[in-house]
Amino acid sequence: MIKKTTITFGKVALEAERAKLARSGTIGGQVMAFEHMVERLAGGFLKIVDIMTLRETVKACLADEETDLGELDVIKSMPGMTTACADSLMAWWMSGLCNSGFEHQPRMQAIFALEEAVERRLPPHLRKPADIVAMACRKIAFAPKILGEVTFLGMTDLHPVWRPVLEAMACLDGYGFSWDGGPYPVPEWLKGFPYGEVKRIERTAEKPSLIAETASDARHEVLEALRWAVELLAAGHKGEDIAIAAVSTGAYEGIVHTIARDSDIEIHMPNGIPALQTQTGQECAALADILIRGISHKRVRRLYEVAAKSRAFEGIPENWVKRIPQDSSLLTVERWKRLLARNDMADVKPCLEAVIDGVSKGVQYAEEAGPLFLSEDAQRLWTRALRSGPASALDQTLRGMRVSTKGTALDKVCFMSARDLVAAPRRFVRLLGLTSRQWPRRDGEDRLIPNYIVPTRQLSPMSVSEIDRRDFHSILSTTAEKVVFSWPRMDGNGRELRPSTLVPSALVSAATRLDRARKTRYAISEGDRLFMRTSEFADSKAAKRAKAASVNWFRPSLTAHDGLITPNHPRIEAVFGQVQSATSLQKMIRDPLGFVWRYALGFNAPEFDDEPILVDARVFGNVVHAILKLAVEKLNRKGGFTRAAQAVVKMEVHKARLEVGQRMEQNQPVPPTLVWSQTLDRAEDIAARTLMFDYGMPEDTVSFAEIPFGDQREWIPEDLPWAVDKPVFIPGTNIRIRGSLDRLDLSASTSLANVLDYKTGKTPKNPEQMGINGGLELQRALYGFTVETLLDGCEQIVAALYYPLTDTYVPMDDIKSHMAEVSAAVATAQETLRAGHAFPGIGAAEEYNDMMFGFPARATSVYLAEKMQLIGPEHEGLRKVWETP
């Protein structure tokens, strides 16, 4: 038996050569990479240190205070230093240069000190390349028995550190090797070897047909590549004959994986897929996010969603997420502790408290967190990430990591690097990213060993730019049938891209310009087919609805997509049957379409910020009223807030402020601590001034504050002047209301009632002239309806506004006419909606309209400006309300 060894590189080439030996039934054949051949010659269990192990070892060396790196010592703890040191050290080893020629350089002294520290920490079986090469050369006499006939296949060059092994093999008497570089010329350094001992195999260059195509951007370029592959498969060609390649796969891996995953074609990616596009990658990303950026409600929920079956969440009830308000931020451990102290969280507390205590430690908890939160596959990826860089940069490290794919490249269309394609040629090739920026790539200096210390050509004799050029020409010479040159016209930022200088100018001039919406015979998925075949897509229900909405939005008439609905619609009547609040009535009057969206269809705009910069006026008003409600509840137990001393009022308001602040921190996003504290200070001051202000009431007056009405059961004081469950209706309508009356002062005989509405905003000009204010001011009228309905024997109602910021007290002269205006406005809004005219109103264009997301882009300046001009008699009654001061 004659032993034969094939030396090649790249996963695809290694797999293809092994399959070739198996199919031919060859006995005694073996296929391996060059470094594995050197390890075999060195003998024993010796191996060359790989880059991942080197990074882990370098990380340990940098963390050791005894490691003195000279001029690099001051930066050895900085982020990215581990990767930079490991890459520079590996580049130095692969260059084949001798340390003795550079010992006078302070920078190289630091590199050599690191090298010594690494060698001391490496396991005995791991050695640097030069050591393994030296051992292999000493045992080169065993090469004929270990390797037999050796053929170097598909190689165009070799790192200097490996070349002594070939030289030693060539010097053996009666033994040599074959160099099969395909159609590419033999390297200059190999020509000096004894000609009789080195068999140089030269092959005739292939002459494939060449065409060029341009796409709009990188995603479109990948889409066209997959369409091209499907077309070849449909023509009867095998997947193993088709390759899609790029000089650097990193720019396209994510796009290829995403599009291929949604298509009907299987693409093999030997270099792996982006880790963050896998389940394991998302587990690691969720854990890294919370460790680096800190805890929040959203981050804890995200971690639970991807790691619900982990040890950390073992035993936690499945419905615990529903018990926490969706918009709560919970940005500190203290807020989580207060939340978990609630009675309904008792069964959640043991598990979730341990989780919060752990992840709140930050990146220093990274080593312990992996086994607790991650699955086995995710743990391996997590460990690799920690070896590759500092824990503080885990998110960046994970972004650049790859996960190997299952399956084989032997029977599939393959997306690979140009370097791998040189070693494993295919009949049909499509080259992506042939722009002047990407192909060839530019040479750069090493991060720690710049050109002025060690010339770049000596440190890296295999120039990246030269390798890219060589690989490009090798691909053209080894592809049998067809090569398609492809490049995007624009990058991700919209900047124009120019084709690579490697593409012949004649092909650039004749390049086919592919449009994104063009029609092709073959599609890669149902979505792609419908995108190209617009007539087929136009017949689908989704397309018809989308087109109708788009057309109707800009049609010069009022349509169903503008709020035209069926008169007396049952859903609208059902909403009228619900209990309304001042907020919903304001929406009904000022924006009928927004009213339908929110209360009939259930549209809701959630808070997106975990930590908003400021508190808006709406939230601030809620804070003040919440403090008032809680303070009044406690003061009433002590005899009433009107009889309490000012010091007692201030104390209870302060206690209420602390409790309300904690409660709101658990239920909604709040600003940073300093801003939030100042907001609560202002709210406390306003609440105290509101309760202590002298309104000039008679001494026998009985006062109440924050009184619920209309079946408002959030909080029911013990001493109410009325039955809280008695319904309150707006006269002339079937609208039932509920809410909380800010303040009520009753005479001893209950014949006189003074109702007060607190305004926490700025005091307007001429507040005494304020009436319905276009539908914005409804509270005083609602309070009047409540008193009329619930207080028997009340003969006179006085309604007033109070602005605590300026201590402005404004009573209304004629509350009866104001109540009549509000009743008429509500009735008009009801009639408008019952008539089917739920069009946007004046409130739709307001700055704080939370339903704005339901309109097309530029709604205020385009859509609303045009549509509201078309609304005529349909909103005539409401328009009069909007114009009422």
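Biologist: Is tryptophan 487 buried or exposed?

Modeller: This is a predicted model, and the cut-off for buried is under 20% relative accessible area. Tryptophan 487 has a relative accessible area of 4%, so the residue counts as buried.

Biologist: Where is tryptophan 487 found, and what does this residue touch?

Modeller: Tryptophan 487 lies in strand E15, residues 482–488. Leaving aside residues up to four places away in sequence, its contacts include Ala212, Glu213, Thr214 and Ala215. Leu434, Pro499, Val503 and Val508 are also among them.

Biologist: How far is tryptophan 487 from methionine 692?

Modeller: The two are 205 residues apart in sequence, and their C-alpha atoms are 74 Å apart in space.

Biologist: What should I expect of nonpolar side chains?

Modeller: In soluble globular proteins they tend to be buried together. Here the largest nonpolar core has 94 residues, and Phe34, Met37, Leu431 and Phe485 touch the most other members. Helix H4, residues 81–95, contributes the most to this core, with 9 residues. There is also a second, separate core of 47 residues, with Val575, Ala781, Val826 and Ala838 among them.

Biologist: Which residues does methionine 37 touch?

Modeller: Not counting residues up to four places away in sequence, methionine 37 touches Ile7, Met32, Leu147, Phe152, Val165 and Met169. Of these, isoleucine 7 stands opposite methionine 32 in E2. Strands E1 (residues 4–7) and E2 (residues 29–32) run parallel and are joined by 4 bridges. Between them the chain passes through helix H1, residues 11–24, in a right-handed β-α-β crossover.

Technical notes. Residues are numbered from 1 along each chain as its sequence is written. This is a predicted model: local features need pLDDT of at least 70, side-chain atom pairs count only at pLDDT 80 or more; totals for chains, interfaces and linings use all residues. Side-chain values use heavy atoms; hydrogens and water are left out. A nonpolar core is a set of buried Ala, Val, Leu, Ile, Met, Phe, Trp, Tyr and Cys residues joined through side-chain atoms within 4.5 Å. Buried means under 20% relative accessible area, exposed over 50%, partly exposed in between (1.4 Å probe, protein chains only). Helices (H or I, at least four residues) and strands (E, at least two) are DSSP runs, numbered from the N terminus. Contact means heavy atoms within 4.5 Å. Two strands pair if DSSP finds at least two bridges between them. A crossover is right-handed if, with the strands pointing away from the viewer, the path from the first strand over the helix to the second runs clockwise.
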